[in-house]
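These notebook entries record what I looked up in one structure.

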Amino acid sequence: HRDIKPDNIILTSDGKIKLADLGLARKVSEMGDEGPEELFGTPQYISPEQILGGKADVRSDIYSLGATLYYTLTGRFPYSGETPTQIARRHLTDPLIPISDLVSDVPVAVEHVVGVMLAKRPDDRYVDAAALVEDLRAVAAGGFPAYDLVDGSQAPIAFEDESEEEEPLAAVASTPVPAAA
């Protein structure tokens with residue numbers, strides 16, 4: 001899907017959940033020093049591997065769904081900033097604020113599931129939707145998730161330019177501004 005976010009999740013009248021906008025990741029642009037910078041996807045929900053221009057797979061969607069659940073549970077985006085580039089950079093470098101620091105009544109097991117979903121590295125996340133569903137069922141039944149929350153899963157991800165300047169990341173492409181007609 002590559003753009004899971006609340007706006008793309010639909011609850012039907014018969015209680016089914018459907019995803020809209022399949023495969024149509026939105027292009028977000030901002031003006032950088034070298035022209036427009038473009039990010040494909042929604043910055044608040046995009047996975048680190050997409051930001052770095054890596055291969056997106058089901059684990060990328062699990063990350064985006066985790067960001068959606070984080071927002072649903074806390075009323076805050078997992079990472080925020082003034083520009084799409086700032087938000088993208090924070091997905092890579094900032095540790096996730098624990099849900100329990102923001103909301104006191106979210107069960108530890110739910111926080112654990114969301115933490116696994118929002119691991120910075122794909123290999124630290126649920127391997128597929130079936131593993132996620134299995135843990136969600138365990139939590140719904142009053143149990144604890146079986147999937148481990150890997151130590152260091154929120155460790156910063158290094159990228160080429162670690163300066164404080166607003167340099168484009170791999171998913172933020174610099175393109176020339178077309179001449180006015």
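**Entry 1: second pocket.** I began with the lining of the second largest pocket, which by class has 10 nonpolar, 5 polar and 2 charged residues. I counted Ala, Val, Leu, Ile, Met, Phe, Trp, Tyr, Cys and Pro as nonpolar, Asp, Glu, Lys and Arg as charged, and the others, Gly among them, as polar. The model is predicted: local features need pLDDT of at least 70 and side-chain atom pairs count only at pLDDT 80 or more, while totals for chains, interfaces and linings use all residues. Residues are numbered from 1 along each chain as its sequence is written, and side-chain values use heavy atoms, with hydrogens and water left out.

I noted about 210 Å³ of space in the second largest pocket. Of its 17 lining residues, Leu-96, Glu-111, Gly-115, Leu-149 and Gln-154 are the closest to its centre. A pocket here is an open set of points on a 1 Å grid over the protein atoms alone, where a 1.4 Å probe fits, with protein on both sides within 12 Å along at least five of seven lines; lining residues have an atom within 4 Å of a point. Grid points are joined across faces, edges and corners, and the volume is the space filled by probe spheres set on the points. Helix α5 (residues 108-117) gives the most to this lining, 5 residues; helices (H or I, at least four residues) and strands (E, at least two) are DSSP runs, numbered from the N terminus.

**Entry 2: largest pocket.** I found about 370 Å³ of space in the largest pocket. Its lining numbers 16 residues, with Ile-4, Ile-9, Leu-19, Leu-65 and Leu-132 the closest to the centre. The largest share of that lining, 7 residues, comes from α2. By class I recorded 12 nonpolar, 2 polar and 2 charged residues there.

**Entry 3: salt bridges.** I looked up salt bridges (a side-chain nitrogen of Lys or Arg within 4 Å of a carboxyl oxygen of Asp or Glu) and noted 4. Glu-49 pairs with Arg-125, the closest N and O atoms being 2.7 Å apart. Glu-49 lies in helix α1 (residues 48-51) and Arg-125 in the loop between α5 and α6, 76 residues apart.

Arg-59 forms a salt bridge with Asp-123 at 2.8 Å between the closest N and O atoms. Asp-123 is exposed at 66% relative accessibility. I also noted that Asp-57, Arg-59 and Asp-123 are linked in a network of salt bridges.

**Entry 4: confidence.** The chain averages a pLDDT (the predictor's confidence in each residue, from 0 to 100) of 83, and 76% of the residues score at least 70.

Key
Buried < 20%, exposed > 50% of the residue type's maximum accessible area, 1.4 Å probe, protein only.
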